[in-house]
Amino acid sequence: MTFLVRQAFSKAFGCSPDDLDMHVVYDVSHNIAKVEEHVVDGQQKSLLVHRKGSTRAFPPHHPLIPVDYQFTGQPVLIGGTMGTCSYVLTGTDKGMAETFGSTCHGAGRAQSRNKSRNKLNYQQVLDNLADAGISIRVASPKLVMEEAPESYKDVTAVVDTCDAAGISKKCVKLRPIAVVKG
């Protein structure tokens, strides 16, 4: 997806992605399983940590996070929906101890993709996004309904819960201005 976005901007502006200074700022996987070292009952153990519906959120000074983030903790990108805010969180020591350094990776679906396709109106979703000042480019009309804001839980409530529980720390709230869904 990153490659295609960079190519589209390159074509639109007539210069290379490097000339446009288009570099990936941060990228992190979710819904994965990784072998990691964690403390269980006071003992260091090698564990296969499966994060389904969650993502890694390691605390400051953890040896597996990049040097640039050693003082802040691992950045966690929490995508909202096409029409709602998103967040940047960081990992915490409490999250490391209680969740093996995991936190949410989004709000989660409020209704199935099928229900969204059948319940929502394509043009109404587009109009609502336009009214909020959000531009959208999408490969398929069905994706608009599947990914509509109404299809997801309230991302702010989910992020506030993780922050209040201390498993990750809220840092930045982002507002969408454009959506590319492919």
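Colleague: Which residue in strand 5 does Arg56 stand opposite?
Modeller: That would be Ser102. Bear in mind that this is a predicted model.

Colleague: How many bridges join strand 2 to strand 5, and which way do the two run?
Modeller: Three bridges join them, and the strands run antiparallel. Strand 2 covers residues 43-56.

Colleague: And what is the strand order in that sheet?
Modeller: The order is 1-2-5, in an open sheet of three strands with antiparallel pairing.

Colleague: What does the twist average from one strand to the next?
Modeller: The average is 20°.

Colleague: Okay, switching to pockets. What volume does the largest pocket have?
Modeller: About 1,900 Å³. Its lining is made up of 39 residues.

Colleague: Which of those lie nearest the centre?
Modeller: Leu77, Gly79, Gly80, Ser86 and Val180.

Colleague: Which element gives the largest share of that lining?
Modeller: Strand 8, with four residues. Strand 8 (178-181) is one of several elements that supply at least two residues each; the others are helix 1 (2-13), strand 2, strand 3 (75-78) and strand 4 (86-91).

Colleague: And how does the lining of the largest pocket split by class?
Modeller: There are 20 nonpolar, twelve polar and seven charged residues.

Colleague: What about the second largest pocket, what is its volume?
Modeller: That pocket has a volume of about 160 Å³. Among the residues lining it are Leu4, Val5, Ala8 and Phe9, along with Ser135, Arg137 and Val180.

Colleague: Which elements give two or more residues there?
Modeller: Helix 1, strand 6 (135-138) and strand 8 do. Helix 1 gives the most, with four residues.

Colleague: Stepping back, how many helices and strands does the protein chain have?
Modeller: Six helices and eight strands. Along the sequence they follow the pattern α-β-β-β-β-α-β-α-α-β-α-α-β-β.

Colleague: What does the C-alpha trace span, and what percentage of residues count as buried?
Modeller: The trace spans about 55 × 45 × 25 Å along its principal axes. Of the 182 residues in the chain, 36% count as buried.

Colleague: Last one: what share of the contacts between residues at least 6 apart in sequence join residues at least 24 apart?
Modeller: In this chain, 60% of them do.

Definitions and conventions:
Residues numbered from 1 in each chain as written. Predicted model: local features only at pLDDT ≥ 70, side-chain atom pairs only at ≥ 80, totals over all residues. Heavy atoms only, no water. Pairing = 2+ DSSP bridges. Axes fitted to C-alpha atoms, helices over the stretch in contact; angles between N-to-C directions. 1 Å grid on protein atoms, 1.4 Å probe; cavity = no way out; pocket = protein on both sides within 12 Å on 5 of 7 lines; lining within 4 Å. Points joined across faces, edges and corners; volume = space filled by probe spheres on them. Nonpolar A, V, L, I, M, F, W, Y, C, P; charged D, E, K, R; others polar. Buried < 20%, exposed > 50% of the residue type's maximum accessible area, 1.4 Å probe, protein only. Contact = heavy atoms within 4.5 Å.
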